[in-house]
Amino acid sequence: MGAATKHKKAFLLKHPYCAFCGGVALATTVEHCPPRSLFQDRQWPEGFEFPCCEACNHGTSNEDLLIAMLGRLDPFTELGDRDGRQNGLMHAVSKQFPDLFPKLIPSSAREARSRNRKLGIKPAPGRTHLETPVLSVPAEFHVAICTFGRKLAKAIFYRDSLTIFPSNGCLFLNWFSNEQLMLTGKYQMLELMREVNGVAPQLARSGRLLNDQFSFKLSMSPQKDTLALQVVLGKSLGFVVFGSTRPGAFESSYERLHHEHGKGPFAVIASSVLQVQPDFGFSEHQIKPA
């Protein structure tokens with residue numbers, strides 16, 4: 001028996017139930033969340049392995065692929081592709097989502113010019129606005145972010161509490177692209193939550209810090225029944241997940257917010273009371289690639 005097999009067997013003996021489907025299924029695999037492909041040279045943070053059933057592990061592989069590609073995009077430097085794997089990820093995404101890439105590019109020079117001017121982007125000499133586009137983020141990315149946010153929130157909840165997030169718990173998500181970074185130098189939601197108490201750990205593998213690629217801050221009630229998770233992926237995007245293990249605890253607030261503000265700022269990504277709607281309230285965002 002190899003070392004990897006021994007490690008998996010010992011891990012699953014210690015963590016016998018899936019952390020992602022409410023503990024109703026036995027864990028037969030070890031899930032890496034965030035996906036290893038998000039990180040340079042596949043060096044993911046230590047301690048980010050989770051017990052998982054086959055359905056939860058392999059059922060989100062396409063979304064993981066999109067998140068890995070999206071999370072590596074960097075409008076400021078080329079650090080998102082230090083290992084030279086970005087093109088391979090893009091090829092894999094194109095294979096799985098053959099209609100996706102045409103949706104990313106502006107349909108006209110006028111649209112590209114308008115987007116670039118909004119963010120203060122000037123094409124390099126000899127290049128047009130269409131050759132230096134701000135990418136649209138279509139619904140496929142939005143669904144992937146919601147799927148990843150739900151999985152990550154459950155994973156980090158389990159990591160912190162060693163308790164499986166219940167299948168009837170509720171989770172809401174709000175995400176924002178690096179358009180905010182380019183316009184203001186910060187994510188506005190994270191600034192609003194700066195004073196909220198929480199734990200923001202240093203993430204590393206073999207002594208190499210990884211917070212420039214993935215970072216989070218977890219705020220949890222003393223009873224560990226309410227959480228707020230703030231997440232940043234490189235220089236690409238950020239999101240906040242609010243949740244409760246108590247069915248119906250947040251849903252009434254969501255209904256009031258929806259009534260007062262139309263579609264509201266949140267997507268419902270887990271609930272036993274409200275319908276899970278990964279496209280709910282989605283409006284087109286933009287993101288600047290490397």
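# A walk through the buried rings

Start by selecting Glu31 and Phe50: Glu31 stands opposite Phe50, a residue of strand S2. Strand S2 covers residues 49-52, and strand S1, residues 29-32, pairs with S2 in the antiparallel sense over four bridges. (Helices, H or I with at least four residues, and strands, E with at least two, are DSSP runs numbered from the N terminus; two strands pair if DSSP finds at least two bridges between them.)

You are looking at a predicted model, in which local features need pLDDT of at least 70 and side-chain atom pairs count only at pLDDT 80 or more, while totals for chains, interfaces and linings use all residues. Residues are numbered from 1 along each chain as its sequence is written, and side-chain values use heavy atoms, with hydrogens and water left out.

**Stop 1: strand S1.** Colour residues 29-32. Thr29 and Glu31 point one way from S1, Val30 and His32 point the other way, and all of them are buried. (Buried means under 20% relative accessible area, exposed over 50%, and partly exposed in between, with a 1.4 Å probe and protein chains only.)

**Stop 2: His32.** Which side chains does His32 meet in polar contacts? Its side chain makes one with the side chain of Arg36 at 3.5 Å, and another, of 3.4 Å, joins His32 to the side chain of Glu49. (A polar contact is a pair of N or O atoms within 3.5 Å; within protein, one must be able to donate a hydrogen and the other to accept it, and residues adjacent in sequence count only if both atoms are side-chain atoms.) His32 has a relative accessible area of 13%, so it is buried. Setting aside neighbours within four places in sequence, His32 is in contact (heavy atoms within 4.5 Å) with Trp44, Phe48 and Glu49.

**Stop 3: Trp44.** Now show the ring of Trp44 with two arginines. Arg36 lies over the face of Trp44, 5.2 Å from the ring centre. The charged end of Arg205 also sits over this ring, at 4.2 Å from its centre. (A charge sits over a ring if NZ of Lys or CZ of Arg is within 6 Å of the ring centre and within 35 degrees of the ring normal.)

**Stop 4: the phenylalanines.** Rings of Phe, Tyr and Trp (its six-membered ring) pair if their centres lie within 6.5 Å; planes under 30 degrees apart count as stacked, over 60 as edge-to-face and the rest as tilted. By this rule there are 10 aromatic pairs. Select Phe48 and Phe50: their ring centres are 6.2 Å apart and their planes meet at 85°, so this pair is edge-to-face. Phe48 is buried at 0% relative accessible area, and Phe50 is buried at 1%. Next, select Phe214 and Phe216, a tilted pair with 5.9 Å from centre to centre and 35° between the planes. Phe214 is buried at 0%, as is Phe216 at 6%.

**Stop 5: Asn57.** Where does Asn57 lie? Look in helix H2, residues 54-58. The side chain of Asn57 makes a polar contact of 2.8 Å with the side chain of Thr29, which takes you back to strand S1. Asn57 counts as buried at 11% relative accessibility. Beyond neighbours within four places in sequence, its contacts include Cys52 and Lys151.

**Zoom out.** Show the whole chain, with its 10 helices and 11 strands. Of its 290 residues, 50% count as buried. Among contacts with a separation of 6 or more, 64% join residues 24 or more positions apart.
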